[in-house]
Amino acid sequence: MKLAVPTFLRTTTFKLALLYSAMFAAFSGALLIYLYYSTVYYIRAEADRRMDLEFEQLGNAYFTGGMERLSQSVLERMTRNGSTFYYYLEDSSGRKIVGHFLRMPDWNPELDVQTVYFDVNQAEPDGTEVVHPMAGRIVRLRDNGGALLVAFDTAQQTAIVGRIQRAIFIAAPIGLVLSLLGGLVISRGAARRADELAHTAEAVMGGELGRRVPVRGSGDEFDRLGQRINAMLDQLEKLIESTRNTGNAIAHDLRSPLSRLRNRLEIALSEPMTRESAEATLGETVEEVDRVLDTFNAILRLARLEAGAEGERVRMDVSELAEELAELFEPACDEADLTFQSQIARHLTVLGDRDLIGQALSNLLDNAVKYTPKGGTIRLTVARGPDGTVDLTVLDTGPGIPAGSRERVVQRFQRMDSARTQPGSGLGLALVDSVAEMHGGKLILADGSGPPEAPGLKATLRLSRT
Amino acid sequence: MIAMTAEENAMRVLVIEDDAEMARFIEKVLVEAGHSVDTAADGERGLEKARLEDFDAMVVDRMLPEKDGLTLVREFRDAGGTTPALFLSALGDVQNKVQGLKAGAEDYLAKPFAPAELAARVEALGRRQPAQEAPVTVLKAGDLEMNLLTRKVTRAGQKIDLQPREFRLLEYLMRHAGQVVTRTMLLEKVWDYNFDPQTNVIDVHVSRLRAKIDKEFEEPLLHTVRGAGYRLQG
């Protein structure tokens with residue numbers, strides 16, 4: 001049986017962590033190696049430079065004063081405090097003239113210059129022996145046959161290099177472990193956010209349409225992705241809601257007129273039919289069907305509006321539109337024995353759809369004309385509202401809408417039961433509210449300034465100017 | 001030239017509609033209005049007929065088999081066809097209307113529609129062609145005269161004062177003198193509204209206009225056509 005790779009090892013978290021630590025290890029390894037070699041190189045180069053200087057000075061002594069001057073010079077250096085060099089000078093017969101050591105280390109006298117490495121055992125005061133690894137250079141003296149050794153104790157350098165090596169051996173595994181952990185932490189963070197997305201998607205699929213991806217406000221890629229996904233979910237929820245509402249509304253608002261229609265036809269069928277009665281029944285039927293179609297259209301329109309599928313927003317002058325509608329409605333008010341007044345601030349613009357706003361405002365005016373008793377007053381005002389809004393207000397002296405019912409009348413696909421006896425689909429205010437919402441505003445219903453028994457209605461269509 | 005008898009108003013109309021019942025209904029409405037009708041049940045055949053024969057107007061359904069209405073009208077226009085077209089569609093959005101007009105149709109009517117609305121609009125289509133050839137400066141209907149340049153309106157030589165909107169309303173009625181003009185047509189063409197203000201606002205405006213042009217005269221010119229709209233007597 002083939003062993004399954006543990007799930008953990010296949011996760012992006014693990015792969016990312018591995019990648020992070022590999023990258024970190026490679027980087028720090030390269031750094032340590034560079035550090036090691038550059039240190040070693042520097043120490044060697046420094047020693048070489050100083051030895052070159054020694055030979056130069058001793059060479060000067062030899063060339064100016066011969067063997068005697070040289071041996072004197074070597075002696076001086078040997079007794080000088082703080083010198084880090086060791087010396088040994090022998091004559092052509094190989095006898096020691098002066099020096100730290102007992103004899104010359106093994107070397108090849110055929111060569112003019114030779115680098116040698118050798119160990120020197122030194123007895124410490126406590127009786128132990130310490131081995132000093134030495135590095136030196138032996139130069140044959142020209143015209144004489146003697147030889148001069150200058151050497152230095154490499155113990156210090158070796159110690160430095162050794163310490164660096166030890167540091168590297170200790171640091172590397174620790175660094176590797178740390179980088180792996182760091183990688184895990186970093187990628188776990190990313191993985192957790194991805195998991196959050198997955199969980200949200202699962203929850204939404206499971207029917208929790210209100211679930212949203214948590215957004216931290218850090219503005220990183222995950223936040224931006226989350227915001228997009230949330231916006232998408234908002235839109236989807238709206239669409240689903242709208243579809244659901246449309247279905248309900250069709251059931252709700254169309255069933256009763258269709259039932260009435262059916263009853264009427266049943267009755268007509270059961271009664272003896274004359275040409276006149278048939279004409280009357282069919283005429284009524286056509287009217288009823290028209291009403292059903294009107295309601296149906298209104299429902300579809302609202303649904304499309306709610307789903308944001310209707311309307312084209314351009315910069316438009318609402319003052320101008322209101323002036324036109326005032327002019328359009330004024331004669332109708334006159335005819336219905338109503339006083340029409342308007343006060344319209346000039347050139348207020350919004351980003352909106354002219355037809356939709358026109359429809360919304362004429363719905364308000366139409367309502368006012370329908371519900372205001374003879375002798376009443378309708379007043380249209382257009383003015384700046386708070387926070388960069390424009391308020392289109394229609395005030396009438398009709399019965400008004402009781403505070404408790406206001407929320408209900410603007411709800412889509414619902415209306416006051418008393419309104420069912422009035423002509424129209426009853427979706428008028430809901431449409432106004434929808435249009436307002438689409439334009440970043442709202443429909444505000446309030447009492448007018450009339451007496452308590454008939455306060456009138458003050459309906460404000462508030463639109464955002466941008 | 002403006003005065004026309006019913007005989008002269010008769011047009012040959014091509015109806016392109018795939019729903020047989022709807023096609024029969026349209027045909028009946030148009031025949032009753034005094035026109036002769038030819039029908040086509042799909043886009044391909046409709047386009048062929050429109051190209052081969054000389055019609056005064058065509059009524060085109062938006063959604064058709066073989067070739068949809070938009071494409072049909074666009075291709076017909078691209079090929080140089082000038083017969084005015086009216087779109088008939090269940091897609092009644094403003095955007096859909098705009099699409100239809102952009103494709104080259106002269107008018108757009110959403111289903112369902114009142115028979116009178118269709119008859120009136122088809123009739124209005126027929127008048128478009130001559131108007132484009134020679135721009136008129138004076139409109140006449142009976143003894144009513146409108147000068148489009150001086151914006152002066154007289155009836156039997158008597159000056160009539162009109163508000164700007166009334167002037168435009170009368171101008172539209174005079175351009176379609178002898179034809180039935182519906183309330184929706186007035187809203188669309190005179191007020192440029194694609195929405196329904198519901199209250200009988202148009203009726204009130206028309207009756208005000210009527211008071212100005214008919215009141216002092218024996219013979220009324222502006223008639224209400226029951227269940228349809230208005231007609232200015234030619």
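In this predicted model, L86(B) touches A57(B), V59(B), A105(B), E106(B), D107(B), L109(B), R121(B), V122(B) and L125(B), leaving out residues up to four places away in sequence. L86(B) also belongs to the largest nonpolar core, which holds 111 residues. Together with V318(A), A360(A), V13(B) and M58(B), L86(B) is among the residues that touch the most other members of this core. The largest share of the core comes from α6(A), with nine residues. Apart from this core lies another, of 15 residues, which includes V74(A), M134(A), A147(A) and L148(A).

Chain A gives 14 residues to the contact and chain B gives 16 residues. On the side of chain A that touches chain B, α6 (318-335) and α7 (354-371) of chain A each supply at least two residues. By type, the residues of that side of chain A are six nonpolar, three polar and five charged.

Chain B also contains an open sheet of three strands, with the order β10-β12-β11 and antiparallel pairing. At the edges stand β10 and β11 (222-225) of chain B; each has a single partner strand, so one side of each is left without a neighbour in the sheet. Direction ignored, neighbouring strands of this sheet are turned by 35° against each other on average. Between β10(B) and strand β12 (residues 229-232) of chain B, the antiparallel pairing runs over three bridges. Helix α6 (residues 115-126) of chain B lies across β10 and β12 of chain B and runs at about 120° to β10(B).

V180(B) is located in strand β10 (residues 180-182) of chain B. Is V180(B) buried or exposed? V180(B) has 21 other C-beta atoms within 10 Å, and the cut-off for a buried residue is 20 or more; V180(B) is therefore buried. Which residues is V180(B) in contact with, leaving aside its neighbours within four places in sequence? They are A116(B), A119(B), A120(B), E123(B), V225(B), A228(B), G229(B) and R231(B). For one of these, E123(B), the C-alpha atom is separated from that of V180(B) by 7.9 Å, while the two residues are 57 residues apart along the chain.

Methods: Residues are numbered from 1 along each chain as its sequence is written. Chains are lettered from A and ligands numbered from 1 in the order in which they are written. This is a predicted model: local features need pLDDT of at least 70, side-chain atom pairs count only at pLDDT 80 or more; totals for chains, interfaces and linings use all residues. Helices (H or I, at least four residues) and strands (E, at least two) are DSSP runs, numbered from the N terminus. A residue is buried if 20 or more other C-beta atoms lie within 10 Å of its own, exposed if 12 or fewer, and partly exposed in between; C-beta atoms are placed from the backbone. Two residues are in contact if their C-beta atoms, placed from the backbone, lie within 7 Å. Ala, Val, Leu, Ile, Met, Phe, Trp, Tyr, Cys and Pro count as nonpolar, Asp, Glu, Lys and Arg as charged, and the others, Gly among them, as polar. A nonpolar core is a set of buried Ala, Val, Leu, Ile, Met, Phe, Trp, Tyr and Cys residues joined through C-beta atoms within 7 Å. Two strands pair if DSSP finds at least two bridges between them. Axes are lines fitted to C-alpha atoms, for helices over the stretch in contact, and angles run from 0 to 180 degrees between N-to-C directions.
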